[in-house]
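Subject: Structure for your review

Dear colleague,

Please find below the structure that I am handing over to you. My notes on its side chains follow.

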Amino acid sequence: MCARKLNEYCRAQRRGNRKVQEAVRKYRRLLGDSRRRSDELERKLKAVQRDKEKSEKEVSYLGAKASSLESENRLIKEKNARMESHVQQIAMDIDFMKEKIDTLTAEKEIALKQLNFINGSEAAEVEQLKSQLKAIEELNEDCLLYTSPSPRDLSTSRMPSSACKKKKKKK
């Protein structure tokens with residue numbers, strides 16, 4: 001019986017050893033899995049930390065950029081205010097120039113009317129003087145007195161009609 005019990009005990013030990021061995025294998029698999037997961041999590045953690053550092057740098061850069069843009073925006077607003085002032089001054093100058101142009105145009109029209117009036121009255125005077133001159137010339141042509149020619153002027157006849165004709169031809 002002792003041998004039997006010993007055999008049973010050995011078998012139980014073997015079974016136990018097998019169970020222990022299986023448990024050890026299972027534990028080793030779990031340990032390997034947990035190590036792999038731990039390594040993977042560490043890699044992910046490092047990647048997240050790198051991303052965090054990049055993000056912090058970007059936030060810092062963007063903060064500086066935002067500050068710079070705010071400063072530029074302030075300068076642009078100041079320039080716009082100055083430009084608006086200039087635009088208003090230019091608009092006032094344009095209005096003044098339009099008024100001046102209107103005034104000059106009105107003065108020009110008045111001057112043209114006066115000039116036309118003067119030219120019209122002068123033209124009438126000139127026409128009157130021309131007609132008077134023409135009348136005087138006609139009187140001079142038609143009204144020659146009969147005079148005896150001088151001894152130096154032998155070429156002219158003593159006839160007044162011939163003298164009138166020669167005078168007309170000379171003109």
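Is Arg36 buried or exposed? Arg36 is exposed, its relative accessible area being 53%. Please bear in mind that the model is predicted, and that every value in this message was computed from it.

**Salt bridges**

A search covering the whole structure returned three salt bridges.

Helix 1 spans residues 2-142, and Asp33 and Arg36 are three residues apart within it, so about one helical turn separates them. Asp33 has a relative accessibility of 29% and therefore counts as partly exposed, whereas Arg36 passes the 50% cut-off for an exposed residue.

Glu40 and Lys44 supply another salt bridge, for which the N to O distance is 3.5 Å. These two residues also belong to helix 1, where they are four residues apart, or about one turn of the helix. Both partners are partly exposed: Lys44 has a relative accessibility of 48%, and Glu40 has 37%.

The remaining pair joins Lys52 to Glu56, and here the closest N and O atoms are 4.0 Å apart. That value should be read against the criterion, which asks for a side-chain nitrogen within 4 Å of a carboxyl oxygen. Lys52 and Glu56 are four residues apart in helix 1, which means that about one helical turn lies between them. Lys52 is exposed, at 52% relative accessible area, while Glu56, at 45% relative accessibility, is partly exposed.

**Nonpolar surface patch**

Which residues form a nonpolar patch on the surface? The patch consists of Phe96, Met97 and Ile101, and together these residues have about 320 Å² of accessible area. Ile101 is located in helix 1. With a relative accessibility of 49%, Ile101 counts as partly exposed, because the exposed class begins over 50%.

**Summary**

With kind regards

Terms used. Residues are numbered from 1 along each chain as its sequence is written. This is a predicted model: local features need pLDDT of at least 70, side-chain atom pairs count only at pLDDT 80 or more; totals for chains, interfaces and linings use all residues. Side-chain values use heavy atoms; hydrogens and water are left out. Buried means under 20% relative accessible area, exposed over 50%, partly exposed in between (1.4 Å probe, protein chains only). Patches are made of residues with over 30% relative accessible area and no salt bridge: like charges are joined within 9 Å, nonpolar side chains (Val, Leu, Ile, Met, Phe, Trp, Tyr) within 5 Å. Accessible areas come from the Shrake-Rupley method with a 1.4 Å probe; for residues, only the protein chains shown count as cover.
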